[in-house]
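Please open the model in your viewer and keep the selection tool at hand. The tour below goes from stop to stop and says what to select at each one.

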Amino acid sequence: MSRFPPCISLWKRCRIFEMENFILYEEIGRGSRSVVYKGRRKGSIHFVAIICSKKSKRPELTNHVRLTYDMKHNNVVSFYEWYETSNHLWLVVELCTGGSLKAVISQDECLSDDVVREFAMDLLKGLKYIHDSGIVLSDFSPTKILLDGPGTLKYSNFCLAKAQGENLEFFALVTSEQGGDNKESATPQKNIKNRTQGYQGSLLYCAPEVLRGESTSISSDLWGLGCVLCEMFTGKPPFFSETFSDLVELILHEDPPPLLQKGPSCLQCSPDFQSLVLGLLQKDPLNRLNWEQLLLHPFWKGAFSVDFSSRGDADENTSLRCSIQLESGLSATAAEAQTFSTGHSNLYLCKSFTLDNVTEFRPKSALDTDAKESIFLLSSRPTPRMSSVAKEIENREIKTQDSSALEDLQTDAGACIKELLYTESDLTVTPLMDNPKILKSAPVRFDSKILCVSAYSVERLACMSSGEWSAFLQQVCSVLESVERAGSGATTPPRAKLNLLCYLCCVCGHRDTATRFIHSQLFPVLIQQLRQAPNWDIKTKVMRIIGLLACHSTELREDVPVIEAVAIFTELMRENFRNSKLKQCLLPPLGELLYLIGTQEEKKEHPGGLWVVPAAAYTVLMRCLREGEELVVNHMAAKIIENVCSRPSRCAQGFIVAEVGPALWYLFTHSTLDALRVSAMSALCRITRQSTAAFQSVIDKVGLPSILSCLSGISRVQQHILTMFAAMLASGAHLHRLIQDRDFVVKIIRSLESPSSLIRAKAFLVLLQVLMNNREMLVLCCNSRLVMYIERDTRKATPGKEQQSGNEYLSKCLALFIRHTVRELPAIMDDILTALGSIVGRKHPSTTQTRQLKQSLPMTVVVLNLLSSQIFRPQVVNEEFLIKFGALLNHITSIDSNETSLGSSVGPTASEELIRNTLSAVEAISQHPALLSRYHCTVVDSILPPLASLAFSRNVEWRIVSLRVLSDITLLLLSQEVIEEEETWDLEGKSSNTRLLTLITEALLPQYKSLLLEPGPIPVYALKLLGSLTEHSKPISRLVRESPLLPAIFEVIAAHQSNILGGTMQNAIAILANLIGLKDTDFQLFYQQGVIELVCGVFMEYAALYLEKEERCRVKSCCALLLSLLDIIYCLLKHLSAVVRLAVQSNSKEDNEAAEKLLLINKPLTDLINLLIQMMGAVDRAGWSTEGGQSLVHVLQNLAHGNRSQPDTAVGSLAAEILKAVGCQDRTGTIPMHLM
């Protein structure tokens, strides 16, 4: 079977078929998944190329469209529009009649220099425009370069192109969501990135760096250009081999072959052309010609004038900013001169190729609600219509656009859910008459030569005056009735009648004409013919006319005998029920009549008993659903139910019988035709809208697991099943069973992985109703990554006018879901606090208390997930929540200290899980500075006190987490200007900053020494917290300096000298630098602890590692340690300088002795001279401005100059000597400016 429409075989015979929008001519090209036709839009003389592709090419075609939809250039094939039908994608592009460049090369074998130059100019102009537009072509091949009639080369294929700096792997994943419900679009999409890197079909032109795994770039495009130029001259690519591995080896390691032509008329290559090709085929992209060099190359003989007035250094990722134009002397006409302005080079800076705009590039669909006509369907087929109910749903506005508008939602969430249950695609209606998915019918034709009435067109019939219309109808009716009366065995009258009926079949497909016919005297005549005509050929044509009239009529008056027609169709089916072929003729018009009655009932305010469908009609249709009938009959019956039940009407109520649900489910499970399976499930979904008992009967008969197993496969089926579950939950049917079934919830959550945004939205709607009735299921949802799915879809479904309806619907469902979840969190916190509060002071909780704990404590997983989410965290964290969370932390402190017995009730594992989740949640809050700053008073009063207590827990894990969180929060709060400027006072007159410092000094510092002397990783976090405190709070620094913590810090440093680059040593030295840098520092305390020996020892270890080339990179990553050491040395030397200066100025014996004693103590610092000089010499002169080198020079500079222009005492002389030794002072004694 052909993969393309059946009319292709006719096109091959040059038959022309008129389509609704286009006329297609012969096939002009074919690929593995595409066919290209020559075409013309109706009403114009402009010929185009129409590409018919299988839907498996959706990602590539979408990529092509998003990059080329606004490209307008003489050397790029123009894109006009694209469409989507049920099985194919159709692109309408510029027609190029000259074939491909590959075909030209194959025919001519090799081209001369001059021809290559002429062609290459086109290639160059087009490629420059593409690059200036911010696009990398990626797949350079002569097969994808076409020629138009005059011979202009044009780039035609952008399926594997990309925007500069873009990765197409994610684009393939997102565009897979746009697939329909067909099998091809449901298959996993191929990885475009791999296909790009693999260069399928174009490996001969692939650059070496791309073969090594790098992304395609402007430079790799220029390599491809060089390959094509070489092939145009020599007739073959520069690198060619029969095997893949050999070809890759040639491209990566071999030089390009000489540019030689073969054959008797071979031409010599010019030196300029050889230079150009070799320049483009450089293996190293950095040595390859760039755009500036390429355009100024002598091969072009001055054809391009280049203005580089605004250029800088061009790199590979930025298109060269230049103005290029073809010299007038070398162009045939002025119109051929192509100009690239400087603004063009920055075009891509303001043009977006991002996936946020991918919904703009959806193909037009024949099923769109605003489509007035089919695009690529044969004109004899009727236009698919949309249910008016679906149109109403499309026009409804539900105020759930984003989180800022959530408060505008109706208070009753149930009402909001009911409005979201059914979407436009759930209620789409397609005709039964001439539906090719059910039964393909041959076109009806009539012979105008023997037609007994005038063969008026539908347009003429629609605009006839009343008199003309009456005369025409009288003529038609008299012919039909006279033929019947004259029927005496003659052959001519029946033939004339049949021809007349064929004519009526052709004109009844017009909306206005059909409406006029059904309200005329012709309709009763047709019913009479249906009842009395002895010829079944005539009867079948009458059936078809009645079906077409019902299908296309837009109005139905009360006096039209449609119920009589329904009764006759029903009677004929009952009398001939075993005749399957006859039923296939009777069912479509019967279904169209029932649908017409349903639509008109909806329009009438009080339809009452206007159109009462006979019960026998429903009975006959239900018999057609049964097992044993032909699949076509089953399909037609299911389609009738699907259409009629799409709107609430009395006509639809007749299908609500006990057997309809199981009968439709049987068709779905036992049919092998996807179209029938989708129709059966769609009919079940719509009748469930009328009464949920239909789906409930299916669940009762086949079981819930059997239905859940069908939540995979055809996307339309998944959509309908989820809709039915949502409708059942909204009605309360099977509510208790569904909300308690864990397998049901897990299966619904898995539906969130679907590529279809509509299916994911339906899944959110089902989950919302489950959680509204069973909050405990939130634990299962969070453990199944529900929050991750919400964050992903929130990013994809941001509301806006430009978004497609599927994403807009998803955003509405998400907004409702998020609002409910946010409102649930306070109640969850209350339940947890109530359960914990009930066991305070009790060693043996009661059975009721234990059950309450087991129900509420697992909900901490929900709290953790919501606080870890960027979507939920800003909405749930407020002052009230932080107060409750502080109370929870107090309970955790009580549990940790065994004041509250929790393990006996829920077990030690659950107790540890509670503490772990709570601490992880507070850690998630600490990572959001804006929230901490906004509620800093509440954080200080409610969150920090229990954390300070947990810092001394017996559990090492709790201590580490508490210290880490305390460090992050205190560092943020102490460094926030808002605390300093906007002090908040409590009832005792203390500011929030004061309360924080009081907490630290009273709760932390008295026991802090034990933390510093702990084994393992605890000292690292304790020192980090202490470092934050001493860096931002002078009172804390003074307390630490005068407390027993100072000796403990020295102990820590001494114990970790074997690993000076570790976190413990770095934090400890940083604290020491903070303490010693205070203005009123008592240096005697530090001398007593041996600060000189300690600093010298650590510095010498650091310098030794620094001077080893193998270790230098690792040491440079620990610049913080060097800075802290230099700060300490600077403070010590500065203090020494001050003491010596005082002794010199006072000339006091006591001061002199103190200075001599201090000089003796600081003598080991002089041993650092050689190390400093070596380290300064090891620093790269080009890297003097690096953090380490600049700090070292800066410290020595300060010592050398002090506050005056001359060195101060021996210390300053020493610093000046070091700077001079490494050449950092000029002859005048000043420091070079680049080191200042």
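**Before you start**

This is a predicted model, in which local features need pLDDT of at least 70 and side-chain atom pairs count only at pLDDT 80 or more, while totals for chains, interfaces and linings use all residues. Residues are numbered from 1 along each chain as its sequence is written, and side-chain values use heavy atoms, with hydrogens and water left out.

**Stop 1: the whole chain**

Show everything as a cartoon. The protein has 62 helices and 13 strands. Helices (H or I, at least four residues) and strands (E, at least two) are DSSP runs, numbered from the N terminus. Of the 1236 residues, 54% count as buried. Buried means under 20% relative accessible area, exposed means over 50%, and partly exposed is in between (1.4 Å probe, protein chains only). A contact is a pair with heavy atoms within 4.5 Å. Among contacts between residues at least 6 apart in sequence, 71% join residues at least 24 apart.

**Stop 2: helix 26**

Select residues 631–644, which form helix 26. Does the length of this helix agree or disagree with 1.5 Å a residue? Its 14 residues should span 20 Å, and the end C-alpha atoms are 20 Å apart, so the two agree. The expected span is 1.5 Å times one less than the number of residues.

Now colour helix 26 by burial: 12 of its 14 residues are buried. Among them are Val 633, His 635, Lys 639 and Glu 642.

**Stop 3: helix 29**

Helix 29 is mostly covered, with 13 of its 17 residues buried.

**Stop 4: helices 30 and 32**

Select residues 693–702 (helix 30) and 715–731 (helix 32). Their axes come within 10 Å and cross at roughly 105°. Helix 30 is therefore roughly perpendicular to helix 32. On the scale used, angles under 35 degrees count as roughly parallel, over 145 as roughly antiparallel, 65 to 115 as roughly perpendicular and the rest as oblique. Axes are lines fitted to C-alpha atoms, for helices over the stretch in contact, and angles run from 0 to 180 degrees between N-to-C directions.

Which residues make the contact? Show Phe 695, Gln 696 and Ile 699 on helix 30, with Met 724, Phe 725 and Met 728 on helix 32. By class, this contact has 5 nonpolar, 1 polar and no charged residues. Ala, Val, Leu, Ile, Met, Phe, Trp, Tyr, Cys and Pro count as nonpolar, Asp, Glu, Lys and Arg as charged, and the others, Gly among them, as polar.

Stay on helix 32 and select His 720. Because its relative accessibility is 0%, His 720 counts as buried. Leaving aside neighbours within four places in sequence, His 720 is in contact with Asp 426, Val 678, Met 681, Ser 682 and Cys 685.

**Stop 5: salt bridges**

How many salt bridges does the structure hold? There are 30. A salt bridge is a side-chain nitrogen of Lys or Arg within 4 Å of a carboxyl oxygen of Asp or Glu.

Select Arg 33 and Glu 60, whose side chains meet in a salt bridge (3.4 Å, N to O). Arg 33 is in the loop between strand 2 (22–30) and strand 3 (34–41), and Glu 60 is in helix 2 (residues 58–68), 27 residues apart. Glu 60 is buried, at 3% relative accessibility.

Next, select Glu 629 and Lys 583, where the closest N and O atoms are 2.7 Å apart. Glu 629 sits in the loop between helix 25 and helix 26, and Lys 583 in helix 24, 46 residues apart. Glu 629 is buried at 18% relative accessible area, and Lys 583 is buried at 1%.

**Stop 6: Lys 884**

Select Lys 884 in helix 42 (residues 879–896). Lys 884 is buried, with a relative accessible area of 14%. Its C-alpha atom and that of Pro 826, 58 residues apart along the chain, are separated by 8.6 Å.
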